[in-house]
Amino acid sequence: MSGSPLIGARAEHPRYGELRQVTDHAAVLLADNPSPMTLDGTNTWLLKAPDATSFVVIDPGPLDDAHLKRIAAVGPIAEILLTHGHPDHSEGARAFGELVKAPVRALDPSFTYGSEGLTDGDVITSAGLELRVLGTPGHTSDSLCFVIDGEAVLTGDTVLGRGTTIVAHPDGKLGDYFESLKLLAELPDNTAVLPGHGPELADAGEAARMYLAHRTQRLEQVRKAVQALGGSPTPRQVVEVVYADVDRVLWPAAEWSVRAQLEYLRTGY
């Protein structure tokens, strides 16, 4: 799940099912599952060094046989990594692992198949690459990013290519999300963002700083809305004030973020 289309330019119409090379080491296959929550659909990333013979797959996406077979047809798969457990990223992972006979690794052990899990600070050596694992909770408690040093960071739903993500309360915590964005803001200049939804971005630090500014602004709007509404307003009441400029189809998702914001205002976390 992702969020509302507030930041970033729209890419040209996506070409579903066509492998597109994005960086020297990363190509993307777009799943045909567009929605208000997934934008154009889920980006499945395939990573390898130019001279490697196998790929690492990030987020196989939904349980869509056609999409999973297209990924498998690209070439041998060494392993499968998940940025987090939301179904639009993970639902097809077990079936895909069985299809290509490759392990699935994630922070949440319930998604791990045929191998050990992942944790912050791990370094994955596979397909001729070294991927550094960053624990980036906030969107969800199990959110991870994967860094190809000097090139790119794969952000799942922590940073999107268009729009802003939700904080999926109660699992997601705004305090965690602020810290994760600060971590991404410290990545070297020109580290590309390879997101779970939407187009790639040129600079992770710049994107993270924009997210921090936007989230801080929203938090202040929530604070003022609570004061104006008096007492203990419901999250829906706050959404109707703060997210009045957002398409109502996204209001249920906005309620998740508002719940996280209200908790942060109460507890600092």
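Visitor: Which residue takes a positive phi just after helix 1?
Guide: Glycine 75, with a phi of about 155°. Helices (H or I, at least four residues) and strands (E, at least two) are DSSP runs, numbered from the N terminus. This is a predicted model, where local features need pLDDT of at least 70, side-chain atom pairs count only at 80 or more, and totals for chains, interfaces and linings use all residues. Residues are numbered from 1 along each chain as its sequence is written, and side-chain values use heavy atoms, leaving out hydrogens and water.

Visitor: Which residues of helix 1 are buried?
Guide: In helix 1, residues 65–74, they are His67, Leu68 and Ile71. Buried means under 20% relative accessible area, exposed over 50%, partly exposed in between (1.4 Å probe, protein chains only).

Visitor: Why are they on the same side?
Guide: Because they cover an arc of only 95° around the axis, taken from the directions from the helix axis to the C-beta atoms. On the other side, Asp65, Lys69 and Ala73 are exposed.

Visitor: What covers the buried ones?
Guide: The cover includes strand 3 (26–30), strand 4 (43–47), strand 5 (55–58), strand 6 (77–81) and helix 3 (93–100). Contact here is heavy atoms within 4.5 Å.

Visitor: New topic. Which residues have the most contacts inside the largest nonpolar core?
Guide: Val153, Val159, Leu174 and Leu184, in a core of 23 residues. Strand 10 (144–148), helix 4 (174–185) and helix 5 (204–229) each supply at least two of its residues. Such a core joins buried Ala, Val, Leu, Ile, Met, Phe, Trp, Tyr and Cys through side-chain atoms within 4.5 Å.

Visitor: And what does leucine 184 touch?
Guide: Leaving aside residues up to four places away in sequence, its contacts include Leu134, Cys145, Val153 and Ala208.
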